[in-house]
Amino acid sequence: MAKMKQPVLGLPSGLELRPWRLSDAGALVAAGRDSGVRQWNRLLVATPEEARRRIERMRERWRAELSAIWAIAHPDGEALGLIGWGDIDLAGGSAEIVYWILPSARGGGAVVEATKRVSEWALNDLGLHRLRLCHSVANPASCRVAVKAGYALEGTMRSALLHADGWHDEHLHALVQGDI
């Protein structure tokens, strides 16, 4: 990854997945203020300066081969959401997906499309073997994304992630080479 430029990935709906730009700082601030994003993600971005630092860290983590994060956006438009891979282990062939979408873009299938596309990229282009999707059992929207994107439910991890309202059990879904 360190030697390659982060690609722009098209989606069937006409949206695209592209690297975050410093000019997208407002979308990160908006996400940090949205109760739906904050409820399920550990996104604490309060100012444009913090957002720009986070975008710079996304670039650094790409170069360090630790994560691959894209903006979900209209071509030449502002970011509507975030999707990508954290906890990338190139040697071990695995990664965990992360995503959120702003309220104005919810319900249209963008996250499912984006999940399918980055999964295809991770398996086929990056050469990973196993992809994880974890979400609170209290988050049925993420469970629907996992199922629609072809991720098999493998089980429930008890008290696996601390959210603002306490510890949550999490569903573990996975997609492996050969599933798609």
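Here is a short walk through the fold, surface and aromatic pairs of this chain. The model is predicted, so local features need pLDDT of at least 70 and side-chain atom pairs count only at pLDDT 80 or more, while totals for chains, interfaces and linings use all residues. Residues are numbered from 1 along each chain as its sequence is written, and side-chain values use heavy atoms, leaving out hydrogens and water.

Let's begin with the fold. The chain has 5 helices and 8 strands, taken as DSSP runs (H or I, at least four residues, for helices; E, at least two, for strands) and numbered from the N terminus. Their order along the sequence is β-β-α-α-α-β-β-β-α-β-α-β-β. Buried residues (under 20% relative accessible area, 1.4 Å probe, protein chains only) make up 47% of the chain.

Now to the aromatic side chains. The whole structure holds 4 aromatic pairs, meaning rings of Phe, Tyr and Trp (its six-membered ring) with centres within 6.5 Å; planes under 30 degrees apart are stacked, over 60 edge-to-face and the rest tilted. The tryptophan 20 and tryptophan 100 rings make a tilted pair, because their centres are 6.1 Å apart and their planes meet at 50 degrees. This pair links distant parts of the chain, 80 residues apart: tryptophan 20 sits in the loop between β2 (16-19) and α1 (25-33), and tryptophan 100 in strand β5 (residues 94-101). Tryptophan 20 is buried at 3% relative accessible area, and tryptophan 100 is buried at 6%. Trp62, Trp70 and Trp121 form one aromatic cluster.

Definitions and conventions:
Buried < 20%, exposed > 50% of the residue type's maximum accessible area, 1.4 Å probe, protein only.
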